[in-house]
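Hi everyone, thanks for coming.

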Amino acid sequence: MTNSNWNNPKPQEWKSKDLSQGRIIDYKAFNFVDGEGVRNSLYVSGCMFHCKGCYNAATWSFKAGIPYTQELEEQIMTDLAQPYVQGLTLLGGEPFLNTGILLPLLKRVRTELPEKDVWSWTGYTWEELMQETPDKLEMLELIDILVDGRFDITKKNLMLQFRGSSNQRIIDVAKSLATKQVVIWEKLNDGDQAFEQVSRDQLL
């Protein structure tokens, strides 16, 4: 599948409870590429967007990877508690189609480690999420920074910070929810040299 009308869902058409198999592709602790600072990154299984040029189409299947377990969650919380770790990053696959496993995790992070931040990539645009199911909106409220939108190979740009194509935005979630309009992350710094993070943005 490629970019087409097929991968532009109607509001609330794709539901996590119908699609998610509670699986992940990978968990990578203590990395520097999936957002600001030292981060622990959780790659969930399953994506319906199927963007042309996707970095890893193996993440598309909801049956790919391994089951998300309580043991893994405990490991994530232990790693996240390290003082040099800034936060947790959610990627995929599509995080917002895996709310069943991510909502409980994020609620634990907010309760037990409120000083840590949460980043997430998504194929949904902000405007689409505003029309989405309650579980997706609940998860959005638990996220600090959102990189939104499908990867568009026709707008690919290696100079962009933390994203692969120019249509994608790095959004301050709290400020955007408060003002009811998209507020871009204040530390945005697109440079004059290629960012190695670009490959991460093409996972969606």
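**Aromatic pairs**

Let's start with Tyr-84, which is partly exposed, at 47% relative accessible area; by that I mean between buried, under 20%, and exposed, over 50%, with a 1.4 Å probe and protein chains only. Before I go on: this is a predicted model, where local features need pLDDT of at least 70, side-chain atom pairs count only at pLDDT 80 or more, and totals for chains, interfaces and linings use all residues. Residues are numbered from 1 along each chain as its sequence is written, and side-chain values use heavy atoms, leaving out hydrogens and water.

Okay, so how many aromatic pairs does a search of the whole structure find? Six. Rings of Phe, Tyr and Trp (its six-membered ring) pair if their centres lie within 6.5 Å; planes under 30 degrees apart are stacked, over 60 edge-to-face, and the rest tilted.

One of them joins Tyr-84 to Phe-30, and that pair is tilted, at 5.6 Å centre to centre and 55° between the planes. Phe-30 sits in strand E1 and Tyr-84 in the loop between helix H2 and strand E4, 54 residues apart. Helices (H or I, at least four residues) and strands (E, at least two) are DSSP runs, numbered from the N terminus. Phe-30 is partly exposed too, at 34%.

Now, Phe-49 and Tyr-124: their planes are at 90° with centres 5.1 Å apart, so that pair is edge-to-face. These two are 75 residues apart, both in loops. Buried or exposed? Phe-49 is buried at 0%, and Tyr-124 is buried at 1%.
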